[in-house]
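Morning, everyone. Please have a look at the structure on the screen, and I'll walk you through it.

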Amino acid sequence: MSIPLDSSSAKKMHAYHCANQCTWCDGCGDYGIWTAVKRSLVESGIAPHQVLLCYDVGCHGNTSDKLLGYRFHGLHGRVIPFAAGAKLANPKIPVLAFGGDGASFSEGVGHLVHGIRSNYPMTFVLYNNGNYGLTTGQASSLTQQGQPMNSSPNGIPEHTLNAMDFVFSLEPTFVARAWSGDIAMMTRVLKAAIAHRGFAFVDILQACPTYNYFATHEMLLERCYDANTEGHKPVDAAKARHLAMDTSKRIACGILYQCEDIPSFYERLEPRRGRRTTVAEEVEIVDTGKWERMFQ
Ligand code: SF4
């Protein structure tokens, strides 16, 4: 399933290497996503000192000290605001934000809404394992209704959110899906997301063999397919929405929708128009002390 790396790429992959020991469970999909993220950065020609990787709390968040690069590990569900803030301060660097389905579709859902509608120029990767893994298997908004979980042995009474229906209702400019066992697919969609003009939403269906017994590696391997190689063109939002939502028999993966015509949030900021410097650079050359002194 994987594209062979040439030796120079392998050396660059090593540039992201961090000696900290991984603590994920055996068979966790986080291993595959971790590999694909590094690979997509290397194949995009981005070195560790040229990227910001933002994480919130969750099993996925423990990636923050398992690879090199500028990294920020923040509060549960709050990854989009601090990643967006960093990107707006320095739009020259690519920014990737990573969140789990628990946080991103509960306390962090407002940030997801405004991240998409603002079209911030950044990539958001959803680690979608259908539960709160770090806190030992509670149901999230994306857990199937009725599915017994540790905190709800009789199954949750609420209906399950259809994440893709929700995301498409916000008029996104980029939506892709992959699953954690297909490194080639994840690498391809992540590279496209990193290169996208605005907010790129990447849903990665992540196997969690410890707590998620309904979306196993075997099930994902059998049902996920590359929609792009089967002729899907990511140009029609309505068709893409229908394709993404219908997971009853097969699960469409790949780049499902992309529109590059809509300017990003930064491009629409009137005070930034024509500026050659970034906010981060301007803070270095402007004496901000005078404003601080005004309030002393
Ligand atoms: Fe991975 Fe699930 Fe274990 Fe967390 S609990 S490390 S998501 S397998």
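Let's start with a definition: two strands pair if DSSP finds at least two bridges between them. Keep that in mind. Also keep in mind that this is a predicted model.

So, how many bridges join strand S4 to strand S8? Six. S4 covers residues 123–128, S8 covers residues 200–205, and the two run parallel. Here is one bridge to find on your screen. Asn128 has Leu205, in S8, as its bridge partner.

Now zoom out to the sheet. Eight strands form it, and the sheet is open. Read across in this order: S2-S1-S3-S4-S8-S7-S10-S9. The pairing is mixed. Which strands sit at the edges? Strand S2, residues 70–73, and strand S9, residues 224–226. Each of these pairs on one side only. On average, neighbouring strands in this sheet are turned by 20 degrees against each other, ignoring direction.

Next, a helix on the strands. Helix H9 takes in residues 237–245. It lies across strand S7 (174–179), S9 and strand S10 (251–258). Against S10, H9 runs at about 160 degrees.

On to helix pairs. Two packed helices are described by the angle between their axes and the distance between the axes.

Take helix H2, residues 30–43, and helix H7, residues 183–195. They pack at an angle of about 50 degrees, and their axes are 8 Å apart. H2 and H7 are therefore oblique to each other. The crossing of H2 past H7 is right-handed. Which residues touch? From H2, they include Gly32, Ile33, Ala36 and Leu41. From H7, they include Ile183, Met186, Leu190 and Lys191. By class, this contact of H2 with H7 has eight nonpolar, four polar and three charged residues.

H2 has another partner, helix H1, residues 7–15. Here the angle is about 120 degrees, with the axes 9 Å apart. That makes H1 oblique to H2. The crossing of H1 and H2 is right-handed. H1 brings Ser9, Lys12 and Met13 to the contact, and H2 brings Thr35, Lys38, Arg39 and Val42. By class, the contact of H1 with H2 counts two nonpolar, two polar and three charged residues.

Last stop, the ligand. What surrounds it? Among the residues are Trp24, Cys25, Cys28 and Cys59. Asn129 and Gly133 are there too.

Methods: Residues are numbered from 1 along each chain as its sequence is written. This is a predicted model: local features need pLDDT of at least 70, side-chain atom pairs count only at pLDDT 80 or more; totals for chains, interfaces and linings use all residues. Side-chain values use heavy atoms; hydrogens and water are left out. A residue is near a molecule or strand if one of its heavy atoms lies within 4 Å of it. Helices (H or I, at least four residues) and strands (E, at least two) are DSSP runs, numbered from the N terminus. Axes are lines fitted to C-alpha atoms, for helices over the stretch in contact, and angles run from 0 to 180 degrees between N-to-C directions. Contact means heavy atoms within 4.5 Å. Angles under 35 degrees count as roughly parallel, over 145 as roughly antiparallel, 65 to 115 as roughly perpendicular and the rest as oblique. A crossing is left-handed if the near helix is turned anticlockwise from the far one by less than a right angle, and right-handed if clockwise. Ala, Val, Leu, Ile, Met, Phe, Trp, Tyr, Cys and Pro count as nonpolar, Asp, Glu, Lys and Arg as charged, and the others, Gly among them, as polar.
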